[in-house]
Amino acid sequence: MLVGLLIIVPLIAGLLVFGTKGKASRNIALGFSLVEFALSIVAFFQYKHNPASADLVLNCTWVESLGIHFAVGLDALSMLLVLLTTFLIPLIILSSFKNEYEKPNSFYGLILIMQMALVGVFTANDGFLFYVFWELALIPIYFICLLWGGENRGAITFKFFVYTLLGSLFMLVGLIYVYSHTGFETGIKSWAIADLYQAGRSLDVNQQSFVFWCIFLAFGIKMPIFPLHTWQPDTYVNAPTQGTMLLSGIMLKMGTFGLIKWLLPLTPLAMEKWGGVAIGLSVFGIIYASCIAIVQKDYKRLIAYSSIAHVGLIAAGILSCTQQGIQGGVMQMLAHGVNVVGLFLIADILLRHTGTRDIDKLGGIRSMNGNFAVLFLIIMLGSVALPLTNGFVGEFLLINGVYQYSAVTAGFAALTVVLGAVYMLRSYQSIMLGERKDSAIAFGSLVGSDKLVLYIICFVIVAFGVYPAPLNDLAEEGTKLIMQNLK
Amino acid sequence: MKGRLIISGLGILAMLAEIFKFKKVLYPLVLIGILAAYALGFTEWNANYNIEMFSNMIRFDNVALAFSGVILATAFFWFILANDYFEKDHVTDHFALVLFALVGALMLTAFSNMTTLFLGIEILSIPMYVLAASRKRDLASNEAGFKYLIMGSFASGFLLFGIALIYGATGSFDLMAIRAYISHNGADLPAFFYAGVLLVLVAMLFKVSAAPFHFWAPDVYEGSPTVITALMSTIVKTAAFAAFMRLFLVTFGGVNETWGIVLAVVIALSLVVSNITAATQQSVKRMLAYSSISHAAFMLMAILANNRGMASVSAILYYSLAYSIGSIAAFTVVYHVSKQESGSSNIEAFNGLAKRHPLMAVCMTVAMLSLAGIPVTSGFFAKYFVFSLLIGTSYNWLIILAILTSAVGVYYYFKVIIAMYFKAPAKEDGITIDSSHVVLLLLTTLFTIALGLVPNFVIEIFG
């Protein structure tokens, strides 16, 4: 029942917020997102207490004759990602307090409806339901980017939409293909995840390859992986800050989460055959995106490319099909989600206070606001995965996992650490340190809501860097479950 | 059966209304009549299954009743949409023509003989030719009617020729007799029988406007009054598909190697031509015309997967319902927008509709999402059923093609959404619409979403 509440609360909240006006919208939205966060914490302790609790699963019939069920449930993996979602949404809403958006009711309503879809994606235990939530998540973000985005948003958000929709339609085909092979013994077709796993593994290698590429396309576009990434930088830069946070902080994880739960156990034979190609693409993407990030002038665009690099490593780790790789992928998904939201907020703060995000035009901000410089530094270090920050555990496990797959690949993948340090430290240096540029003069103290968000993010970065055990245990448990299905 | 009698009776009544001067009550009378006909369908459900009437010319099985239900429900919505159309001149003529077309449509759902098929098509088509030209001082409307008539007559000719050849080979007009003949003498059917089947196929493809027999559709759709376009793209299409399905799934199911590959090529061509051409259209009405070709291709895909029995039938039923409801909503909005812009339905006319009339913009958005096939609207389930029918057959490549062209489809449907929300309106003044149309928009939108949430009712209808 609890898991049902987790899905229904944001939906109701979203619809309620549509009916409000002005500042009330954002306050109500924030309130509901906090309620949702509290619910997820309750679910977390419930899970700790008794993982098999009936509160954590829900299974109702949706379309009986087609074997479609409204089946959702929280296991270790989905628990983590639901926590990430419910933790980030209040921060995202809070970070918008200084932006005056037109029609705030629609804006916050869409964010909450998106949260509903995201929680649905992470909890779905039915292939069809997974697809429906997957698509549903796309519609609110499309409108958020379209209505509140920057210049030229029409064409850019459209490209984003078509790209992802095309990918997900192929995923639908892949899933239907597996579905059509379910129920050979019973004669009853079913979309239940366990039946799909079984049917997927009964296919021969060519059939599995077909399914693999159909589904991989969807996940690869969502993450995005080279060469399917071309929609991403423009979309990230043009979306409103909160839209970018949703896209990179949570939505990107739909792809990596999908890899773990909906692709690896479905097509193990195809993974053996094609895993190398997919890892190759991921690793190439890491280097490619890092190199582009180094020469970026726009700070928001730089983070967009850094995001491609990070997610490339996550994908490579997951596709290595090793315990460490997948577990590291999960840990890095959480860390990246938090860090990237912090970085995009910093990009937004820079723009609001100085009127530009151009790295060349910024400089010497530290002398104006030392507090901000420290917070920025912590988030930046978390993003380059310094030990004792939250990014470290994941990245270490990831590279370890890729190494088990192939040492050479790991060598290339580990370049992300070096290159990441290059573009992150260099941009920090030129924005915060050095001679004070004209743009920095107006940089006053931060507003309360921004400060609060940054403090919370920094706290999380350090806290889970020093003591990652609670999350790591869950990640390990979830990964073991998946690994069982891979054998 | 009773439903058909009511609709026919209403048609005759409408002609008498001019003489006996009860034009004013005709409109409510028709609405009540349609509802009554719809309700009577329920009493016949399962009751007189397989009852054949008029010497086995018509057969009212559940499939016929289900498709009649879709047609009557759409007709009810359509009459609400078209209330203006029955206010100025030629009121009774319009009523009579539409009602007779409806009779033809209902006949096409229930024929069991080639002659009733032909009669149904003609009873449906002839009023439609006139209705297309019913804005009689408008050149485009006249052109539309004329084109429709010429092309439609051609198709009827093909159909008759095909029927004659089939009769020559099998010695019967009766669908079941032809089916039995095919299954008994499968190996030694004469060559002209196959020619007959293909001629019937071509005629039917004309009627559902699949490429390459689609050239009449855009001009006719654009030239006709908007409400008539809505009628053509919903009721006429549903009826044509009910007939198509009965012919090719039931009667000619035994010779599907003959028409299967032809149909596959036609579908592929329709998908590509319609979507690419629709993407370049400036007029939304014309865009909807081209998109209707692509929807026709989807429904044809369900017929192509001919070994799935009732699953194909319920997929087509669901598709036509979803498509009809979505189209009615879209055409309601197009009707009001083009009225503002003195008849032009260019995409610019939709600019800033979200500011001028938020409700219309929201309903249009849902309709576009449904037509584009985005969950959880009904349009998504419609496409899903088709995909799941066809997957695993030798036509996997058609699914891939359908997906690629759907992405193009998203482009033109979203062009409308972008215009409504994103572009600045040319005029700032709000738009006022009838309260009946507000209800209509809300109902169709609600229906679109409800059908997407609980598709069970429709797809499990045949048990």
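1. B:Arg286 forms a salt bridge with B:Asp219, and their closest N and O atoms are 3.1 Å apart. A salt bridge here is a side-chain nitrogen of Lys or Arg within 4 Å of a carboxyl oxygen of Asp or Glu. The pair links distant parts of the chain: B:Arg286 sits in helix α12 (residues 284-304) of chain B and B:Asp219 in helix α9 of chain B, 67 residues apart. Helices (H or I, at least four residues) and strands (E, at least two) are DSSP runs, numbered from the N terminus. B:Arg286 counts as buried, at 18% relative accessibility. B:Asp219 counts as partly exposed, at 24%. Buried means under 20% relative accessible area, exposed over 50%, and partly exposed in between (1.4 Å probe, protein chains only).

2. This is a predicted model: local features need pLDDT of at least 70, side-chain atom pairs count only at pLDDT 80 or more, and totals for chains, interfaces and linings use all residues. Residues are numbered from 1 along each chain as its sequence is written, chains are lettered from A and ligands numbered from 1 in the order in which they are written, and side-chain values use heavy atoms, with hydrogens and water left out.

3. Which other residues join the salt bridges around B:Asp219 and B:Arg286? The network links B:Glu143, B:Lys147, B:Asp219, B:Glu222 and B:Arg286. B:Lys147 pairs with B:Asp219, with the closest N and O atoms 2.5 Å apart. That pair joins helix α6 (residues 139-170) of chain B to helix α9 of chain B, across 72 residues. B:Lys147 is partly exposed, with a relative accessible area of 28%. B:Glu222 pairs with B:Arg286, with the closest N and O atoms 2.8 Å apart. B:Glu222 is partly exposed, at 33% relative accessibility. Over all chains, the count comes to 13 salt bridges.

4. Now the interface. Chain A gives 32 residues to the contact and chain B gives 33 residues; contact means heavy atoms within 4.5 Å. The two chains bury about 2900 Å² between them, 85% of it on carbon and sulfur atoms. Buried area is the accessible area (1.4 Å probe) that two parts lose on being put together, summed over both. In chain A, A:Trp62, A:Phe158 and A:Ile176 lose the most area to chain B, together 17% of what that side buries.

5. How many salt bridges cross between chain A and chain B? The rule finds 0. Polar contacts number 3 residue pairs (both at pLDDT 80 or more). A polar contact is a pair of N or O atoms within 3.5 Å; within protein, one must be able to donate a hydrogen and the other to accept it, and residues adjacent in sequence count only if both atoms are side-chain atoms.

6. On the side of chain A that touches chain B, the elements giving two or more residues are β1 (57-63), α5 (127-148) and α6 (153-179) of chain A. The largest share, 14 residues, comes from α6(A). By class, this side has 26 nonpolar, 3 polar and 3 charged residues. Ala, Val, Leu, Ile, Met, Phe, Trp, Tyr, Cys and Pro count as nonpolar, Asp, Glu, Lys and Arg as charged, and the others, Gly among them, as polar.

7. The largest nonpolar core has 377 residues, and B:Trp78, B:Phe252 and B:Tyr384 have the most contacts inside it. Such a core is a set of buried Ala, Val, Leu, Ile, Met, Phe, Trp, Tyr and Cys residues joined through side-chain atoms within 4.5 Å. Another core, of 6 residues, lies apart from it, with B:Met1, B:Ile58, B:Ala64 and B:Met107 among them. Not counting residues up to four places away in sequence, B:Trp78 touches several residues, including B:Phe86, B:Val98 and B:Ile328.

8. Some backbone details deserve a look. The peptide bond from A:Met223 to A:Pro224 is cis, with omega near -5°. A:Pro224 is in the loop between α8 (205-222) and α9 (232-238) of chain A. In chain B, the bond from B:Ala211 to B:Pro212 is cis, with omega near 0°. B:Pro212 is in the loop between α8 (191-207) and α9 (216-223) of chain B. B:Ser209 is in the loop between α8 and α9 of chain B. B:Ser209 has a positive phi of about 50° although it is not a glycine, and it is buried at 1% relative accessibility.
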